[in-house]
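Hello,

Here is the structure we talked about. Please open it first, then read the notes below.

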Amino acid sequence: MSESDAVAAPGVESIIAGKAPGMRARYLKDAAARWIVWLGGLGVIGALMLIFVYLLSEVMPLFGGAHIDARQSFAMPGPAAQTLYVAAEEQGEIGLRVTDGGELVFFDLYDGSVRDRQALPGGDAGVSGIAELSAERGELAAHLRDGSVTLFRHRYRVSYPGDRRLITPEVEFPMGAEPLAFMDEAGRGLVARSERGALVLAAIDTNGDVQIKRFDRRENFLGEVEVQERERQRFTPAVKADILLLEPLLTWLYVVEREAGRIAMYRLSSGNPELVNVYDVGARVREARYLAGGISIVVAQDDGRVSQWFPARDEGGQYYLARVREFRLPDGSARPTAIGPELRRRTFAVGGSDGSVSLFHATAGRRIGTEQVLDGEIALLAFNPRAQYLMAIGADGQIRGFDVDNEHPEVSFKALWGRVWYESYDEPRLLWQSSAATSDFEPKFSITPLSVGTLKGAFYAMIFAIPLAILGAIFTAYFMSPEMRQIVKPTVEIMAALPSVILGFLAGLWLAPFVETNLPGVFLTLILLPLSVPIFGFAWSKMPRALRYRVPPGWEAAMLVPAIALVVWVCFAIAKPIEAVVFGGNMQAWMDHTLGIGYDQRNALVVGVAMGVAVIPVIFSIAEDAIFTVPKHLTLGSLALGATAWQTLVRVVLPTASPGMFSAVMIGMGRAVGETMIVLMATGNTPITDFSMFSGMRTLAANVAVEMPESEVGSTHFRLLFLAGLVLFVFTFLLNTLAEVVRQRLRARYSNI
Amino acid sequence: MEQTQTPQMIAQQLVAGDTTTVRAYVKSGQPWIWLTAAAISVAFITTVALLGLTAARGLPHFWPADLLQARYEQPGAAPVPMLAEVRSSEEVTAARLLDAGLPVDPQRDLYERLLLKIGNRDIGGVDFRYVVSDWLVDRQTPADAVVLERIEWGNFHGFLDAVVVDGNSVAGSEAWSAYQQAQRRVDALRGDIRRIEKKQIGAINYELERLRLQARRLEIDGKTRESHPEAFAPLDRRRDEQGAKYEALRAELNALNRDIRRDSVRVRTVDGQQRTIALAQLVHGYRPNRMGVLDKTLHFFGKVWEFVSDEPREANTEGGIFPAIFGTVLMVMIMSIVVTPFGILAALYLREYAHQGAMTRAIRIAVNNLAGVPSIVFGMFGLGFFVYFLGGGIDRLFYPEAAPAPVFGTPGILWASLTLALLTLPVVIVATEEGLARIPRATREASLALGATKAETLWRVVLPMASPAMMTGLILAIARAAGEVAPLMLVGVVKLAPTLPIDGNFPFIHFERKFMHLGFHIYDVGFQSPNVEAARPLVYATSFLLVLVVVLLNVSAIMIRNRLRERYKALDH
């Protein structure tokens with residue numbers, strides 16, 4: 001509008017000022033157009049910015065930490081008896097308490113009112129201990145005072161009478177209500193596990209010996225469970241037995257001695273358990289529990305530390321109990337008194353003698369948070385299966401419940417980037433294994449192998465692309481005849497538009513097998529081709545003038561095409577006989593035996609070439625522009641002073657154009673880092689951490705493409721994939737911005753010269 | 001080109017420069033110049049070779065290759081008769097063959113190895129085999145060898161003994177013409193069956209599903225059959241109608257299916273096994289060794305047509321790719337409809353309306369750089385924002401009756417198009433802006449001076465002049481979208497879509513459906529297919545088609561750009 005005002009002359013005021021008929025409509029249209037463009041334009045730009053905001057919003061919860069909200073505190077519901085075991089149901093609404101009087105008390109977790117009470121069959125004589133067969137399924141074993149064991153299961157039925165949720169607790173007896181005969185007298189420290197039809201019970205008798213009994217359970221054709229007893233074993237453990245821990249897969253049995261702080265590791269077999277070794281904890285042991293998955297045990301030590309242990313193999317392949325990592329309570333003077341593991345993840349809560357509860361994640365090696373919850377010492381801790389509710393019971397019998405919001409405990413800087421000692425591995429490793437079908441296998445979220453793979457792919461692509469693209473750009477911009485340049489430049493630029501899926505497909509299904517069978521030929525070409533070209537040039541200068549003048553200036557590249565084709569053909573033709581003579585006919589086997597280098601068919605070399613081909617036109621196009629737009633008077637001046645073409649190029653043109661070439665490389669790098677399909681198709685997609693040319697890799701982008709569709713929305717895995725996306729976004733955006741700024745500077749400089 | 005004498009002068013030196021010694025040659029810098037020339041030659045050769053490779057590998061698939069009959073005598077094994085197409089040959093070192101467990105002579109360095117397509121997967125288990133050329137003896141090309149393309153199990157290679165037409169066996173020299181006649185009849189019947197199954201029964205199923213959802217909707221609104229019988233009555237009536245229609249079609253279909261199973265052929269493999277194959281199982285049959293060049297050319301084009309117009313068979317490893325072409329085109333069209341107006345609006349804003357300050361410059365750089373952000377990131381955004389957030393919201397608001405099955409809350413063609421629109425927006429914005437910037441200021445000022453408002457100037461003068469630039473931007477956007485695969489894998493592409501996104505059922509275009517895509521087809525068939533060797537030529541052919549489309553689009557964009565430049569060159573002076 002200001003422009004139209006500026007050009008308005010006084011005589012046409014009536015038109016401009018809108019007094020003429022029809023003017024009002026025109027002005028309305030003009031204003032409307034302005035608004036539409038403003039809104040549309042800003043909307044589009046906003047939508048593009050939204051990408052960044054959205055990615056960030058998906059990633060942020062990863063670093064949000066945990067929140068704990070206390071519910072009302074209440075006294076222990078039900079009879080005044082000792083509490084042996086507590087559990088909370090899936091929804092965090094109903095709790096279960098098992099007393100030493102053999103009673104199951106179901107109570108409301110909000111107000112502590114008793115919902116249901118049931119007596120355990122045979123429990124009136126008293127219960128000495130409760131063992132978890134499977135916390136997830138609610139299967140428990142009660143050790144009765146007479147030495148026998150009752151198996152039972154607590155379940156919760158959800159119904160919706162009148163559209164309100166009603167949860168009804170139930171008690172079932174999967175192996176019958178009749179107690180199983182186990183020991184002859186009362187025992188303590190019962191542990192029970194059932195695996196593939198076998199049920200194993202173990203407990204400590206009054207002599208301090210450990211007794212083990214095995215039952216085989218079989219379902220008959222009527223669907224009834226038949227239980228067959230086996231011989232009872234008894235052995236004297238190497239340490240004083242205070243706590244028993246039995247592995248769910250029934251391979252290992254740990255006997256823990258409290259005072260001296262020792263753990264004896266036993267391998268279960270058909271005969272008596274064999275002692276593997278005794279391990280010193282280093283402090284008095286207060287409590288020891290299995291984590292979810294049944295591989296790791298965590299031990300609460302009186303020196304304020306909690307240690308994690310699991311079986312690993314040493315160099316000789318022998319199993320030992322490895323002290324993997326330890327955690328400290330934030331308050332140095334507090335002792336850990338209770339451990340409450342989550343049922344599905346490797347998170348556990350530790351209650352302290354000062355009444356605080358700290359949340360830890362084992363694999364991430366991290367303390368998530370600490371909350372002061374009770375005044376006195378904490379005796380018991382229990383999560384509900386979904387880990388949204390945590391129950392803390394004080395030594396004084398007070399119960400306090402907490403709503404826990406702890407979505408992403410697995411993430412810590414160390415878990416993402418460092419070497420982590422995962423369960424069932426023998427040493428700390430960098431691993432990415434996101435798919436965990438069951439809670440028995442912990443997901444392994446190390447981004448390092450993916451980042452290394454990304455950089456490795458980009459690195460090999462750049463090694464291949466930069467020389468070709470930059471040298472090619474120099475010749476095209478500086479030496480090539482204009483007619484030829486008009487053909488060559490668009491042809492190479494069209495390559496930029498070649499769908500990467502096609503490059504990936506050719507790389508994976510044509511190039512990879514080709515390189516595998518012609519590896520010597522490939523290397524021979526890489527060595528001989530650059531050597532042969534200057535020799536060709538020299539030979540050319542020895543040709544008779546009549547022939548040389550036939551080639552129009554600036555067409556050398558065209559002349560080289562048949563020569564290069566010939567050299568490549570010769571290289572591959574002589575490579576096979578050379579391979580037969582030098583490498584015994586199989587270069588890969590030779591490399592493997594002699595150099596110890598493994599070979600994957602789809603490897604970084606193939607990716608480098610394919611991605612290089614994708615990147616060459618990008619770099620070429622920008623670098624060529626930069627060189628071509630170097631002001632002509634600079635080169636002419638240099639040549640006029642007697643410099644040769646090469647001197648002019650190296651001393652004048654390239655220094656002037658170097659920022660442009662730098663930005664070309666940056667933009668090419670950005671493309672190589674984010675390239676998805678080529679990597680997906682031309683590598684084996686194994687997330688490994690090495691820089692070998694002959695092994696594959698998995699990149700951040702390919703990882704997203706592979707795993708995103710199967711990822712559960714909102715899970716840690718899902719958000720980590722978004723984190724990978726965000727990293728790619730920010731990285732390429734910064735690279736491109738840098739390149740763009742450099743280029744604009746360059747443009748300004750050219751206009752000044 | 002305003003190139004002055006410079007390159008020629010320099011090049012003159014390069015070509016004609018009389019260097020006498022190696023030292024002078026090296027010192028002159030010429031070896032480096034030759035290297036730069038070699039670099040561009042290599043880049044050029046690579047480009048051309050890539051295009052050539054896809055064509056050379058894809059197109060021969062449609063050419064009926066001769067069938068070679070021979071005996072394969074591997075030392076230490078019983079001789080095996082073979083009837084096969086030779087697919088490729090290569091030189092292999094003896095050591096590699098020894099590693100593969102073949103009893104070759106280790107003294108000899110090299111062997112020739114052939115890849116044969118032997119067909120008959122149902123009999124031998126594999127339809128491709130590597131053989132050592134030396135051991136393939138007694139080679140001949142029998143004139144009456146036949147190739148029968150089957151719906152299942154790939155091709156059959158062998159000899160035609162007889163054709164059983166309506167219970168009568170025709171053998172001998174008439175067998176071939178009888179077979180061809182019977183095949184034409186079967187083809188016609190198959191067309192009818194497909195029409196009924198896909199179109200008519202498909203429409204009935206679609207209608208039934210809609211009726212179910214309508215009834216469910218009524219229930220969600222709190223109406224039951226008891227309380228509102230009048231609401232349910234028309235639904236029930238229509239369902240019964242559809243049911244009756246279905247029964248009639250079912251009967252017709254049964255009759256057709258009986259008809260199509262009537263005839264069969266009796267064939268013999270090269271090792272003498274006899275087989276009877278129902279004609280309903282056959283798609284096509286030919287005798288390659290008898291065909292002349294003309295026949296083969298006709299066959300070639302027939303196959304090419306089948307390839308682009310037919311649906312895939314056998315886990316996408318045979319048949320055509322029509323649904324993939326259709327999906328790609330439709331997705332690109334929806335994307336264009338979205339991206340063009342918004343891209344132009346944004347460009348107009350940035351160039352014509354926004355204050356040209358540091359902020360606008362920053363926005364411009366940011367938009368430029370979005371073009372360099374990896375496409376997979378756009379895919380993640382599409383999946384998270386469009387599919388889960390927007391789609392999930394739409395489902396809760398408008399499609400409660402479909403729950404728990406998602407309608408828009410799952411990847412589909414609309415979300416894929418929108419994602420690609422976002423991805424290609426920078427391309428359109430940048431191209432349009434460039435076009436707007438090229439229009440001389442004088443032109444605008446002339447329009448304003450004549451009393452036109454700014455909107456009128458833009459609409460009547462600037463935009464028409466910038467239209468070729470917008471075209472260029474759109475074409476480049478389409479070319480990029482057509483070749484993009486990674487984001488689509490997250491937002492709606494599938495390996496086999498049962499229905500096209502457009503069909504004869506109301507509302508005719510189904511935005512929520514998943515679709516097939518050429519690029520994803522290449523990835524899927526080339527890498528996820530159970531029979532990669534058989535699928536490979538098809539993938540090459542698909543690649544060739546895709547490359548052709550993308551290259552043509554790009555060439556046209558470049559041509560438009562060049563014409564545009566010519567046009568404004570005149571205006572500049």
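B:Glu197 is 53 residues away from B:Arg250 in sequence, while the C-alpha atoms of the two are 9.1 Å apart in space.

Keep in mind that this is a predicted model. For the complex, the predictor reports an ipTM of 0.87 and a pTM of 0.87. The average pLDDT of chain B is 86, and 96% of its residues score at least 70. Residues 1-6 of chain B stay under 50 in pLDDT, and the model has six contacts beyond four places in sequence for them. Where pLDDT is low, the predicted coordinates should not be read in detail.

Next, the layout of chain B. Its domain assignment gives domain 1 (6-53), domain 2 (68-157), domain 3 (168-261) and domain 4 (328-518). Between the C-alpha centres of domain 2 and domain 4 of chain B there are 52 Å.

The unreviewed UniProt entry lists "transmembrane region" for several stretches of chain B, including residues 32-53 and 370-392. In the model, residues 32-53 of chain B are 100% helix and 0% strand, with end C-alpha atoms 30 Å apart. Residues 370-392 of chain B are 83% helix and 0% strand, and there the end C-alpha atoms are 27 Å apart.

Regards

Technical notes: Residues numbered from 1 in each chain as written. Chains lettered and ligands numbered in written order. Predicted model: local features only at pLDDT ≥ 70, side-chain atom pairs only at ≥ 80, totals over all residues. UniProt positions renumbered as here; feature names shortened; annotations may be inferred. Helix = DSSP H or I, 4+ residues; strand = E, 2+ residues; numbered from the N terminus. pLDDT = per-residue confidence, 0-100. Contact = placed C-beta atoms within 7 Å. Domains from an automatic or database assignment.
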